[in-house]
Amino acid sequence: MYLTTDKKQELFENHGRLKSKKDTGSAESQIALFTHRINHLTDHLKSHKKDHSTRLGLLKLVGKRRSLLDYLYKKDIERYRAVIAELGLRK
């Protein structure tokens, strides 16, 4: 499997707000998890162009990440800018 428990804990520890393995609910950690999954699905779709169900799931994930980023933008602009810079996302 591409996303093991250890990988999830590493993502939460590196990108979460509290920088702990148990910080699974913060917007930063959720955005980091969605970004990892989006990158994996994008690579999958490059080799499997006709996999439309995966494409639909990818679009849903992108929408969820966008809504979390919008929430973070409204709530705390500095945290938003830090997440964008850390993950290398574009507006």
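**Exercise 1. How H2 and H3 pack**

Is the crossing of H2 and H3 left-handed or right-handed? Work out as well how the two helices are oriented towards each other.

*Solution.* A word before starting: this is a predicted model.

Step 1. Take the handedness: H2 and H3 make a left-handed crossing.

Step 2. Look at the axes, which come within 9 Å and cross at roughly 155°.

Step 3. Angles over 145 degrees count as roughly antiparallel, and H2 and H3 are therefore roughly antiparallel to each other.

Step 4. Turn to the residues that meet. From H2 they include Ala27, Glu28, Ile31, Phe34 and Ile38, and from H3 they include Leu58, Leu61, Leu69 and Leu72. The residues of this contact of H2 with H3 divide into 12 nonpolar, 5 polar and 5 charged.

**Exercise 2. How H3 meets H4**

Find out which class the angle between H3 and H4 belongs to, and which residues make the contact.

*Solution.* 

Step 1. The axes of H3 and H4 come within 6 Å, with a crossing of roughly 140°.

Step 2. That angle makes H3 oblique to H4.

Step 3. On the H3 side, the contact is made by Arg66, Leu69, Leu72, Tyr73 and Lys75; on the H4 side, by Ile77, Arg79, Tyr80, Val83 and Ile84.

Step 4. Sorted by kind, the residues of the contact of H3 with H4 give 7 nonpolar, no polar and 3 charged.

**Exercise 3. A closer look at Glu28**

Is Glu28 buried or exposed, and which residues does Glu28 touch?

*Solution.* 

Step 1. Apply the cut-off. Buried means under 20% relative accessible area, so Glu28, at 7% relative accessibility, counts as buried.

Step 2. Collect the contacts. Not counting residues up to four places away in sequence, Glu28 touches His15, Gly16, Arg17, Leu72, Arg79 and Val83. Leu72 and Val83 are also members of the largest nonpolar core.

Terms used:
Residues numbered from 1 in each chain as written. Predicted model: local features only at pLDDT ≥ 70, side-chain atom pairs only at ≥ 80, totals over all residues. Heavy atoms only, no water. Buried < 20%, exposed > 50% of the residue type's maximum accessible area, 1.4 Å probe, protein only. Contact = heavy atoms within 4.5 Å. Core = buried A, V, L, I, M, F, W, Y, C linked by side-chain atoms within 4.5 Å. Axes fitted to C-alpha atoms, helices over the stretch in contact; angles between N-to-C directions. Helix = DSSP H or I, 4+ residues; strand = E, 2+ residues; numbered from the N terminus. Parallel < 35°, antiparallel > 145°, perpendicular 65-115°, else oblique. Left-handed = near helix turned anticlockwise from the far one by under 90°. Nonpolar A, V, L, I, M, F, W, Y, C, P; charged D, E, K, R; others polar.
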